[in-house]
Amino acid sequence: GYCNLMERPFLDDEKAECETCPHNTATADSLFPEFRCNNARCLDSDCYWQKVARFINQEAERIISGNLEIYFVTGEYCPETIQSPYRQESLKSWNYTIEAKGKPNAFCVAGEGAGRYLRIKLKGEESPADTWPQKSAAGNGGTATGEAESTAPAGKTLADREAELHAKRVREAVTQLGEYLQKETAFADLVAAFGDGVNDQLLRIALVEGYSPSFSRFSHYEPLVKQVDEMPFVLDDDNYLGKCLWDSLKGKFREQLMEELNKLLKDISDKNPVDICTALRIDWQEKFYKPACDAVKESKALLKAREEAARETSGK
């Protein structure tokens, strides 16, 4: 879609470039009178998002270098339009709610609201102790979600901290699984795993999971028979039937994964994601959980608790 130039989060010198750009609808008001003056749009989305990414990365570096207590967050509806190294470390939209009032305490590095400051409140058991992800990027020993030892809640046992780390890694792995299911390569991987039996497997899963109506082409304004007769439905080498089944199932799977991600940290489980991977012949551990372990490191508090437990054990 067209990109709004009136609220563009660009670097100052790059904002000036847009004023005379031929892709700015305000410079061609004879063609786009509805976009004149206060409603300008950019018609070159690649250029637009590259400028947004440059602004985000420079602003994030400023936050880190100033050691500012600002969360990095990712907004909803997050396509792969912004390539920012800070996206991986950001709090996802299910981790927080946006507040209308109060001093901004977060900077959006991707998704809806990218490049803007906002005020957030962490959900459930997430607290300011599970904090400032930029400290991790600056090498101060936080986790990928930035758990800081100095403000960690008191009274946690070693087992509590180990369980919390596992839950964070599962949450990251589930996030990556959901993003993978959206990629075009996911269907190609299925074909490679099941060969000629891919449609049979997808049909079996569909019979268990049910068909997602959001992918149906049925219209209530035309007779069903007429729609069926006019539909260009051909079982060709591109496996149209298999792709239709997959479009339905991946929507169902993503709904289930989102339910998991919306849970409190203590309630997150890998059971359903592992079941999905098993049904699709995907190695959950190798493809998602191990990379999540690399992304979500042990906090200083956990490492300290392990050392203390080891000393107690060796002293007995």
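Which residues of α9 are buried? In this helix, Pro273, Ile276 and Cys277 are buried, where buried means under 20% relative accessible area, exposed over 50% and partly exposed in between (1.4 Å probe, protein chains only). Viewed down the axis of α9, the buried residues fall within an arc of 95 degrees, so they line one face of the helix; the arc is that of the directions from the helix axis to the C-beta atoms. An α-helix has 3.6 residues a turn, so residues three or four places apart point the same way. The face of α9 turned away from its buried side carries Lys271 and Thr278, which are exposed. Cover for the buried residues of α9 includes α4, α8 and α10, with contact meaning heavy atoms within 4.5 Å. Just after α9, Arg281 takes a positive phi of about 55 degrees.

The structure is a predicted model, in which local features need pLDDT of at least 70 and side-chain atom pairs count only at pLDDT 80 or more, while totals for chains, interfaces and linings use all residues. Residues are numbered from 1 along each chain as its sequence is written, and side-chain values use heavy atoms, leaving out hydrogens and water.

The chain has 11 helices and six strands; helices (H or I, at least four residues) and strands (E, at least two) are DSSP runs, numbered from the N terminus. Of the 316 residues in the chain, 42% are buried.

The largest nonpolar core has 33 residues, and Trp246 and Leu280 have the most contacts inside it. Such a core is a set of buried Ala, Val, Leu, Ile, Met, Phe, Trp, Tyr and Cys residues joined through side-chain atoms within 4.5 Å. Elements giving two or more residues to this core are α4 (158-182), α5 (185-194), α6 (198-209), α8 (240-261), α9 (271-279) and α10 (284-295). The most come from α4, with seven residues. Not counting residues up to four places away in sequence, Trp246 touches Leu181, Ala186, Phe187, Leu190, Leu202, Phe253 and Leu280.

Among the strands, β5 (residues 106-110) has five of its five residues buried, so it is largely enclosed by the rest of the structure. Strands pair if DSSP finds at least two bridges between them. Four bridges join β5 in parallel to β3 (residues 71-74), with Ala106 as the bridge partner of Tyr71. Two bridges join β5 to β6 (residues 117-122), and these strands run antiparallel; here Ala106 stands opposite Leu118.
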